[in-house]
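Colleague: I'm new to this one. Could you show me how to read its sheet?

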Amino acid sequence: QVQLVESGGGSVQAGGSLRLSCAASGTPGSIFSINVMGWYRQAPGKQREWVAAITSGSSSSTNYADSVKGRFTISRDNAKKMVYLQMNILKPEDTAVYYCNKVGLSQWGWGQGTQVTVSS
């Protein structure tokens with residue numbers, strides 16, 4: 001069974017930066033590497049929303065929600081089965097629990113997430 005463990009969250013002031021990491025285990029690297037991976041977030045009282053995605057392959061492409069475009073950067077290391085989210089120019093509205101998972105159908109079980117809190 002695949003396990004996802006997110007880390008790197010914290011409390012920062014608006015304008016600050018954080019780098020989130022997501023480690024996948026319980027699946028071969030060959031399986032991890034072929035999946036489109038994404039970051040999601042859930043703010044208090046709101047539904048989980050998609051934030052960013054990165055395709056598989058050596059020349060992976062990325063896509064972002066409009067709310068984070070130009071500020072966040074998603075990347076992956078297939079050899080380490082890791083996905084990263086570099087978050088710059090953070091805003092109070094970025095406050096949420098952040099999760100990683102496959103994008104699309106048959107998602108893996110959700111990890112515990114990592115809390116990001118941005119103060120104004």
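Modeller: Start with a term: a residue is buried when under 20% of its relative accessible area is left, exposed when over 50%, and partly exposed in between (1.4 Å probe, protein chains only). Strands are DSSP runs of E with at least two residues, numbered from the N terminus. This is a predicted model, where local features need pLDDT of at least 70. Residues are numbered from 1 along each chain, and side-chain values use heavy atoms.

Colleague: Which side chains of β10 are buried?

Modeller: T114, V116 and V118, which point to one face.

Colleague: Which strands does β10 pair with, and how do they run?

Modeller: Two strands pair if DSSP finds at least two bridges between them. Here, three bridges join β10 (residues 114-119) to β9 (residues 96-102), running antiparallel; T114 partners Y98. With β2 there are four bridges, and that pair runs parallel; S119 is the partner of Q13.

Colleague: What is the order of strands in the sheet?

Modeller: The open sheet has six strands, β2-β10-β9-β4-β5-β6, with mixed pairing.

Colleague: Why is one side of β2 and of β6 left without a neighbour?

Modeller: β2 (10-13) and β6 (62-64) stand at the edges, each with a single partner strand, so one side of each has no neighbour in the sheet.

Key. This is a predicted model: local features need pLDDT of at least 70, side-chain atom pairs count only at pLDDT 80 or more; totals for chains, interfaces and linings use all residues.
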